[in-house]
Amino acid sequence: MNNVRLCDITLGYDAKPVLSEVSFEAPAGRMAGIIGPNGCGKSTLIKGLTRILPLQSGRVFLDGHELAKLKRDDVSRLVAVVPQNPIIPDLFTAFEVVLMGRTPHLGLFKYEGARDLAIVYDAMEVTRTIGFADRRVAELSGGEKQRLILARALAQEPKILLLDEPTAHLDIKYQIEMLELVHRLCIDKMLTVIIALHDLNLAVQYCDQLVMFHNGRVHSCGTPSDVITAKAIEEVYGAQVYVYPNPVNNLPFTVVIAEKDREKLFERAN
Amino acid sequence: MTIEALRDIPVPQAIAAYPLRWRGRIYAIIGLAIVLFVVILVTSVVGSTDIPFFTIVSVMLSKIPFLTIDQTWSNSIEIIIFDIRLPRILLAALVGAALSVAGTTYQGLFRNPLADPYLIGVAQGAGLGAIIGFMLPSVLQITGVPILAFIGAVMAVAVVYMVARVGRSLPMTTLILAGVALGAFLQSISSYLMLASGDRLHGIISWLLGTLSLTTWDQVTTVTPYIIIGIVIIYLYARPLNVMQLDEEQAQQLGINVEKVKLILLAAATLITAAAVSFCGIIGFVGLIIPHAVRLIWGPDHRFLLPLAAISGAIFLILADTAARTIMAPTEIPVGAITAFFGAPFFLYLLRQKKRAIF
């Protein structure tokens with residue numbers, strides 16, 4: 001039952017829905033990728049799943065519990081988020097930041113005990129942030145900060161992990177490092193991972209299932225090979241691309257070819 | 001339950017040191033509390049009448065029930081210590097603690113290093129209330145000024161709060177802007193009233209600069225409950241306040257009821273600031289600098305920041321007020337002028353020493 005199920009949800013600000021009639025299911029131990037152009041509602045979906053934005057209609061089930069009936073603390077014990085551009089004050093040490101992940105498990109008056117420290121230790125070890133636990137946030141690089149936020153999310157001991165473009169500001173080495181880490185955690189801890197990604201090729205490589213959003217609705221949903229086609233990408237992004245099976249694992253690979261070279265493409269094809 | 005329970009796994013420095021750092025900060029709190037006590041004793045010796053330290057200790061001990069000490073001093077000395085110096089020192093301690101805690105809270109809530117207790121209209125509201133109080137017939141002034149100042153401060157923030165509120169949420173930037181705008185409006189009324197105040201101007205100006213002269217026990221007992229209750233409420237929310245140093249969305253995702261915490265902290269910080277300024281006027285600088293100094297030395301965890309700021313603020317304002325009443329004795333310098341004159345160089349020194357991120 002360790003999964004996320006969305007039934008016909010509508011989400012938005014005031015009267016204007018950003019997402020309408022969205023339904024899909026993400027199983028445990030699998031990575032579900034959310035793709036779509038800027039402003040298609042990827043971040044809105046994450047706000048909806050953590051109840052920061054109330055559902056306008058529809059129902060969400062997290063691990064079998066209906067979201068609307070859960071208490072605030074229960075939601076944060078179940079779902080952890082790695083946001084896109086998190087603000088972390090410079091003066092806190094890396095360790096203190098991860099310790100904040102224990103917040104939903106502690107009441108107003110309780111201090112962190114040995115168990116909390118042990119969980120924080122584990123979370124920092126798997127994310128390889130333990131090496132700079134003593135350093136202040138100001139001294140960390142973008143990739144280190146992103147791993148730190150992931151460590152904090154793990155310290156919440158969630159069953160569901162939501163990531164909002166966690167690779168957006170990283171260079172390719174750290175992008176791969178981050179996604180490998182998430183992928184391994186997803187399998188090892190049987191987490192349900194829902195990850196919004198900008199880069200289609202990265203999404204294809206790491207996700208078991210893709211959901212493509214278009215104008216606030218689900219355009220298509222399924223395995224990467226089902227979803228990523230040149231036709232679908234033209235419809236959704238309005239961009240002309242070429243999709244080939246890549247030689248290593250035959251998954252669809254999206255290629256952009258500049259206008260000036262397109263003739264060569266047809267020459268080759270003939 | 002300590003870190004020893006985890007001995008079988010290799011515990012890196014940070015985690016092993018966490019309980020120790022904790023202990024260090026608790027020692028700092030105890031140490032500062034002792035310093036505060038000593039400062040209270042020592043500053044009660046300083047004044048225009050020379051009273052030996054031993055006499056002061058004896059006089060104080062004689063007030064402890066079941067302790068009999070022979071009276072070897074005149075009654076006037078007892079009056080000087082008990083009815084003039086001690087209430088003034090205690091009020092300085094309370095006001096210093098209140099302003100530092102309110103400043104720490106505002107800086108944390110607004111995530112802005114420039115925030116101080118007067119950011120969203122408390123000062124201008126209290127100022128206008130007090131000036132109206134000074135317009136009253138002299139007999140009514142003593143009670144009228146603090147009551148009107150208190151009402152003015154609380155009303156100003158209430159208006160700012162209602163203007164800035166959007167539906168169920170309270171955007172902090174809107175709150176600051178509304179506070180600045182209302183503050184300017186109230187200030188302009190105050191300026192006009194001051195021009196029209198004639199010979200009462202001197203009293204108004206010394207109130208606006210902040211002064212602790214003529215403190216009575218009544219004042220101390222009146223503000224104590226407000227300040228103590230307010231500080232306790234703020235302290236209960238120290239950990240949520242830590243989490244809110246991340247942005248609001250992250251705080252919500254970590255299970256914090258952000259809007260509720262904001263409302264409670266704003267209300268409590270406003271209450272203690274209003275109580276502090278109602279008798280002493282607008283004492284500046286304490287609420288801005290003490291939180292920064294404490295954060296620089298002991299780090300950003302509000303569970304330690306708040307009590308350390310409270311005690312440091314109390315010590316700082318007692319010392320500043322002692323300087324205010326002795327430097328040019330018998331003339332009093334407004335304590336607000338002293339706080340900035342001695343506090344600013346110390347703070348600049350701290351900034352130079354640390355040379356790293358300060359907020």
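Author: A:C40 is buried, with a relative accessible area of 4%; buried means under 20% relative accessible area, exposed over 50%, and partly exposed in between, using a 1.4 Å probe and protein chains only. Before we go on: this is a predicted model, where local features need pLDDT of at least 70 and side-chain atom pairs count only at pLDDT 80 or more, while totals for chains, interfaces and linings use all residues. Residues are numbered from 1 along each chain as its sequence is written, chains are lettered from A and ligands numbered from 1 in the order in which they are written, and side-chain values use heavy atoms, leaving out hydrogens and water.

Reader: Thanks! How many disulfides are there over all chains?
Author: The count comes to zero, taking a disulfide as a pair of cysteine sulfur atoms within 2.5 Å. For A:C40, the closest cysteine sulfur is in A:C221, 14 Å away, which is too far for a bond.

Reader: And A:C7, is that buried or partly exposed?
Author: A:C7 is partly exposed, at 26% relative accessible area. The cysteine sulfur nearest to A:C7 is that of A:C221, 13 Å away.

Reader: Switching topic: what is the strand order in the open sheet of four strands?
Author: The order is 2-1-4-5 in chain A, with antiparallel pairing. Strands here are DSSP runs of E with at least two residues, helices are runs of H or I with at least four, and both are numbered from the N terminus. Two strands pair if DSSP finds at least two bridges between them.

Reader: Which strands are at the edges?
Author: Strand 2 (16-26) and strand 5 (65-66) of chain A, each pairing on one side only. Seven bridges connect strand 2 to strand 1 (residues 4-13) of chain A, and A:I9 has A:V22 in strand 2 of chain A as its bridge partner.

Reader: What about strand 8 of chain A, how many of its residues are buried?
Author: Five of the five residues of strand 8 (residues 192-196) of chain A are buried, so it is largely enclosed by the rest of the structure. A:T192, A:I194 and A:A196 point one way, while A:V193 and A:I195 point the other way.

Reader: Why do they alternate like that?
Author: Because in a regular strand the side chains alternate between the two faces of the sheet.

Reader: Which strands join strand 8 of chain A?
Author: Strand 3 (residues 31-35) of chain A runs parallel to strand 8 of chain A and is joined to it by four bridges, with A:G33 partnered by A:I195. Strand 7 (residues 160-164) of chain A also pairs with strand 8 in the parallel sense, over five bridges, and A:L163 stands opposite A:I195.

Reader: Now A:R147, where is that?
Author: A:R147 is in helix 5 (residues 142-155) of chain A, and it counts as buried at 7% relative accessibility.

Reader: What does its side chain reach?
Author: The side chain of A:R147 reaches the backbone oxygen of A:R128 at 3.1 Å. A polar contact of 2.9 Å also joins the side chains of A:R147 and A:E177; that term means N or O atoms within 3.5 Å, where within protein one must be able to donate a hydrogen and the other to accept it, and residues adjacent in sequence count only if both atoms are side-chain atoms.

Reader: Last one, chain B: where does B:W73 lie?
Author: B:W73 lies in the loop between helix 2 (53-62) and helix 3 (75-110) of chain B. B:W73 is buried, with a relative accessible area of 9%.
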